[in-house]
Amino acid sequence: MDASLVFRKAYRQMHRAVQVHGVLGTVRLVAEKLRRYGKELGAPASFDSPPVSNFDQMWNVQTDGNEDLSELQVIDKTNYLLGTRYQPTSPEMFNEIIEAYPLPLQESIFIDCGAGKGRVLLLASELPFKRIIGVEFARDLTEIARANIQGYRSLTQKCGQLQAICVDATIFPFPVEPTILYLYNPFAGEVMRKFIEHVENTLKQHPRTFFVLYRNPKYASLWDGSKYFNRVRATDKFVIYKGLREVKTNGVEGLPRDNRDN
Ligand SMILES: C[S@@+](CC[C@H](N)C(=O)[O-])C[C@H]1O[C@@H](n2cnc3c(N)ncnc32)[C@H](O)[C@@H]1O
């Protein structure tokens, strides 16, 4: 189309818009059209990106987000369909869980299975844990977690030994040390079942202090069914389980059936 024709058409449209919507209304309309146009072209998120959380702003890290697993590089697809999307725990929630029960922080390692971008690792590092491990099966999230660990500068940090490992939680070899395990609803149904069995095996082979902090406990009934754990605290937002040194038999604490002499 001829340039003068385009100009005249645009002028007529603008004129009509001003008559119908007024000057201010037309400005708003044009801004909205430009915003949509920019979005369609894949414009940078600055147009309508969500606000950066206080946590990320304060510590100059990148733990925000709501990432679908279908957009991430998951190392092994076996447990991918029952994995949950990345979403970070809020600092307030983390503190509420940690304060809900007297946990043996100083003698324990802290492990977040499904660690994502590592926010919980950074929060945990403000407490005197022996060391901290993040377990995550999405490669790109693990890389971000590593960068966050590197970039986190806090004068009040109490644990400086942090690492993020890229591995499926159901095969992660648990260190044989007192453990505080954190889970923010990382996986569902069968995968949780498989994971619990994996945790029970390490506990059976090496009895030790073992706590599970389970946030958004959608599959708490599976943990409740374990003869190796007891609930010690519960709210609608989280459950804390304590590993048993002497395992429940028919709901009573005692030696596990398969470890008894008779
Ligand atoms: C809800 S996010 C929790 C993130 C972090 N723990 C927090 O609280 O800030 C769940 C995470 O679990 C990870 N995940 C899901 N299934 C997994 C598996 N089988 N092994 C390791 N990580 C897994 C997801 O990639 C996601 O990053």
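**Exercise 1. In which order do the 7 strands of the open sheet lie, and what is the pairing?**

Before we start, note that this is a predicted model, in which local features need pLDDT of at least 70, side-chain atom pairs count only at pLDDT 80 or more, and totals for chains, interfaces and linings use all residues. Residues are numbered from 1 along each chain as its sequence is written.

Step 1. Take strands as DSSP runs (E, at least two residues; helices are H or I, at least four), numbered from the N terminus. Count two strands as paired if DSSP finds at least two bridges between them.

Step 2. The order is then β3-β2-β1-β4-β5-β7-β6, with mixed pairing.

Step 3. β3 (162-166) and β6 (229-234) pair on one side only, which makes them the edge strands.

Step 4. Look inside the sheet: β4 (residues 179-184) and β5 (residues 210-215) run parallel and are joined by 6 bridges. Here L183 stands opposite Y214 in β5.

**Exercise 2. Which residues of α6 are buried, and which are exposed?**

Step 1. Call a residue buried if 20 or more other C-beta atoms lie within 10 Å of its own, exposed if 12 or fewer, and partly exposed in between, with C-beta atoms placed from the backbone.

Step 2. V191, M192, F195, V199 and L203 qualify as buried. Seen down the axis of α6, the buried residues fall within an arc of 110° (taken from the directions from helix axis to C-beta atoms), so they line one face of the helix.

Step 3. On the other side of α6, you will find G189, N201 and Q205 exposed.
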